[in-house]
Amino acid sequence: EERIKCDRTFLPTELRHRGYRPVLIQNILFQRDNILYRLERLYCESTKTLYEADLPTELEGQRYGSELRAFVIMLYFELRVPQEKILKLLQSQGIVISAGEISNILVHKHLEQFKVEHQAVLKAGLASTSYQHIDDTSMRVNGENHYVMTLCNPYYTSFFTNKRKNRETVSLLLSQLEEPRQSIAGAEAQADIINQDLGDYIKILVSDNAGQFSQLTTHRALCWIHEGRLYEKLTPYLKSHRRMGEKFLTDFWEFYQKLKLYQRQPTREFKSILNHEFDRLFSQRPTYQALADRIALTKQKKQELLLVLDYPVVPLDNNEAERALREYVIKRKISNGTRTAEGTRAWEIFLSLVDTCRKNSVNFYRYVLDRIKQSFQLPPLAAVILETARVALENQPIYSDRHFEEVKLIF
């Protein structure tokens, strides 16, 4: 606090003090903070032994303080600052550091520590809801094409990188849950994992219409937003065809809004009405053939598109997964992918934790610093996920229609 008094040089002599008006000025100091530790050394003549004081635990074997290492991780993964810019920023403040040391902080020094929490986050996330979102996007690893897949829900995000995006790859996500299997190598172990059912962990999968996501779980919900985009991509040339497309798309989104209303107020009667309305809407056969073909294809997806009628808590879209992947896509565009297996794993772990922290209102820098310093004042992210999900569950609406037997309220 700093008090500033008035300059009385040109003011009247009869003045009365009326206190101070507070003006808060926010500022930040960014400067080097080097500490020279002098470790006491003691020598025992009788035992011919040299004893030395210990550094703080978090500094053992380190050349840089915990705050600097957490700062570098935050800059690169959360703020998407390239490594060369981080190097320039630190050197501008007199920090003696190399590009290799920055890479070491990002990829090697703390990866095993955060890998454990990443696995716990995935397990807690899978337990927090009965449904999971899934999606994938392209990725470059050492110049080769790969794919990044995300499993997520409103409380967590987890990323996985693979060379392919087929059904076997999706099934291999189980390897992230089975700790002992990670030390097993070879095709035999992989086949054992593939033979397991993803439905043992996930009851409902929310996705787009990609084939690799089908028949993996008990139920699958398709994204209405993706389905609507297919109609928006139609390119009619005739004015009459354009009017048909516009009219149908209006009806499409009106039906979508009714489904959202149903999620808030599900009843047996409302479910029956929506079932019949779906059949009526998607049984049309307009003279615009491309539109008629698209309507017929949508009708074939009725079970997946109307899963919400049985499970009102299941989202109508896959936006959660698309938002999660957007951060990965932006990072990929800035850095043009990764170069090594270790770097790829670092991206998976830290970008998963970045998005999970965001979803649970956890400050990522403070979280990383807490773990690097080994103070553990912040609770495990897995515990935060389960608590957030529990609170959200308590705030869910209670469906009181005792005759509405078809609605299965799974959380």
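Start with Lys258. Its relative accessibility is 33%, so Lys258 counts as partly exposed. The cut-offs: buried is under 20% relative accessible area, exposed is over 50%, partly exposed is in between, with a 1.4 Å probe and protein chains only.

Quick housekeeping. This is a predicted model: local features need pLDDT of at least 70, side-chain atom pairs count only at pLDDT 80 or more, and totals for chains, interfaces and linings use all residues. Residues are numbered from 1 along each chain as its sequence is written, and side-chain values use heavy atoms, leaving out hydrogens and water.

Back to Lys258. What does its side chain meet in a salt bridge? Glu277, at 2.7 Å, N to O. Salt bridge here means a side-chain nitrogen of Lys or Arg within 4 Å of a carboxyl oxygen of Asp or Glu. Lys258 sits in helix α8 (residues 239-264) and Glu277 in helix α9 (residues 268-281), so the pair ties together parts 19 residues apart in sequence. Helices are DSSP runs of H or I, at least four residues, and strands are runs of E, at least two, numbered from the N terminus. Glu277 is buried, at 15%.

Next pair. Lys301 forms a salt bridge with Glu227, closest N and O atoms 2.9 Å apart. Lys301 is in the loop between α10 (289-299) and α11 (302-305), Glu227 in helix α7 (residues 224-232), 74 residues apart. Lys301 is buried at 11%. Glu227 is buried too, at 3%.

Last, a network. Salt bridges link Glu320, Arg323, Asp355, Arg358 and Lys359.

Overall count: 21 salt bridges.
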